[in-house]
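Open the structure in your viewer and keep the selection tool at hand. Follow the stops in order.

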Amino acid sequence: MIPTTMRAAAIDSFGGPDVLSIHTMPVPEPGAQDVLIALDAAGVGVWDAHLRSGTYAEGGERFPLVLGIDGAGRVAAVGARVKRFAVGDFVYSYSYRNPKGGFFAEYVAVTEGRVAPVPAGLDEIRAGGAPAIGLTGLQGVDDTLEIRKGESVIVHGASGNVGMMALQFAKRRGARVLATASGTDGVEFVRRLGADEAIDGKRGDVVAAAKRFAPDGIDAVVAFVGGKELTRCLDTLRKGGRVAYPNGVEPEPRKRRGIRIKSYDAETGRRQLERLNRAIEESHAEIPIAEVFSLEDARKAVERVERGHVLGRLVLRLAR
């Protein structure tokens with residue numbers, strides 16, 4: 001039985017942490033091509049802080065605005081034209097600026113193409129934290145850089161949420177990975193995830209480390225942090241090297257002769273999610289969880305990710 005109302009963490013205006021609070025809202029009505037998901041968990045990312053503050057405002061936002069861009073749960077209902085899912089299916093979804101509300105809620109309605117069965121081996125919490133960071137990491141490695149077996153790759157910001165996925169997907173492609181991480185604990189974290197070499201991105205000498213790692217030059221850099229440390233990573237590239245970074249990484253790297261530098265946005269759809277499922281299953285990718293919060297503590301969760309240096313994903317548990 002689907003209730004008429006639900007609890008959701010939403011904002012009535014842009015601002016600081018205090019604007020995010022628990023609301024009672026109508027359960028979204030799925031359209032003909034929508035899937036209604038009774039959510040078990042939702043991922044928390046720094047983008048939620050930017051959405052809350054208005055940094056990512058595009059105009060035309062309707063309040064109350066529910067935060068959250070990805071999550072996992074069970075199908076509660078399907079629209080008349082939905083053929084791929086049935087009530088009770090265990091699914092996950094990523095939908096940035098979802099038209100019918102975000103994922104910090106007990107229910108979310110998402111168009112069918114942005115929903116997929118949860119990959120084998122993931123529980124509710126890890127599934128809830130996987131889609132956004134998995135798609136972003138995978139598309140940087142596979143689509144933008146087209147990493148090949150035997151290449152030497154720097155994953156810059158590998159201890160961050162997207163970086164930890166890109167690291168694992170680069171290893172899936174047979175690359176040798178030099179990871180930059182934040183702090184000694186971050187270095188240990190990325191080594192555990194499979195980095196061949198790892199250094200502290202702020203305190204270590206990435207140019208010297210790269211020279212030891214790949215004397216003829218690094219083939220590619222996938223970057224999730226900008227600034228002078230990224231510039232030093234670019235100094236390690238061989239002629240013809242490639243760089244990829246998601247839009248939003250700032251400051252962006254400057255163009256260089258002989259180096260291909262490309263930004264990208266994570267795309268979501270049936271094909272992209274099917275590829276993510278294969279990548280997670282084939283690589284046995286870990287989705288490290290740093291901390292699990294209740295829906296009532298959504299404000300604390302967003303504040304925590306805003307402070308930075310989180311090793312693993314923060315997730316909301318959405319018990320009904």
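**Before you start**

This is a predicted model, where local features need pLDDT of at least 70, side-chain atom pairs count only at pLDDT 80 or more, and totals for chains, interfaces and linings use all residues. Residues are numbered from 1 along each chain as its sequence is written, and side-chain values use heavy atoms, with hydrogens and water left out.

**Stop 1: the largest pocket**

Select Val46, Trp47, Val162, Phe224 and Val249. Of the 45 residues that line the largest pocket, these are the closest to its centre. The space in this pocket is about 1500 Å³. A pocket is an open set of points on a 1 Å grid over the protein atoms alone, where a 1.4 Å probe fits, with protein on both sides within 12 Å along at least five of seven lines; lining residues have an atom within 4 Å of a point. Grid points are joined across faces, edges and corners, and the volume is the space filled by probe spheres set on them.

Now colour α1 (46-53), α3 (131-144), α4 (161-172), β10 (176-181) and α9 (298-307). These elements each give two or more residues to the lining of the largest pocket. Helices (H or I, at least four residues) and strands (E, at least two) are DSSP runs, numbered from the N terminus. By class, the lining of the largest pocket has 18 nonpolar, 18 polar and nine charged residues. Here Ala, Val, Leu, Ile, Met, Phe, Trp, Tyr, Cys and Pro count as nonpolar, Asp, Glu, Lys and Arg as charged, and the others, Gly among them, as polar.

**Stop 2: the second largest pocket**

Select Leu65, Asn98, Pro99, Lys100 and Gly101. They are the closest to the centre among the 27 residues that line the second largest pocket. Its volume is about 600 Å³. β2 (20-26), β4 (65-66) and β7 (107-111) each supply at least two lining residues. The lining has 16 nonpolar, six polar and five charged residues.

**Stop 3**

Show α1 and α9. How do their axes cross? They come within 8 Å and cross at roughly 110°. Axes are lines fitted to C-alpha atoms, for helices over the stretch in contact, and angles run from 0 to 180 degrees between N-to-C directions. So α1 is roughly perpendicular to α9, a term for angles of 65 to 115 degrees. Val46, Asp48, Ala49 and Arg52 of α1 meet Val302, Val305 and Glu306 of α9. Contact means heavy atoms within 4.5 Å.

**Stop 4: Asp142**

Move to Asp142 in helix α3. Is Asp142 buried or exposed? Asp142 counts as buried, because its relative accessibility is 11%. Buried means under 20% relative accessible area, exposed over 50%, and partly exposed in between (1.4 Å probe, protein chains only). Not counting residues up to four places away in sequence, Asp142 touches Arg172, Arg173 and Arg275.

**Stop 5**

Most residues other than glycine have a negative phi, and most peptide bonds are trans. Select Phe63 and Pro64: the peptide bond between them is cis, with omega near 0°. Glu250 to Pro251 is also a cis peptide bond, with omega near -10°. Finish at Glu146, which has a positive phi of about 50°.

Key: Angles under 35 degrees count as roughly parallel, over 145 as roughly antiparallel, 65 to 115 as roughly perpendicular and the rest as oblique.
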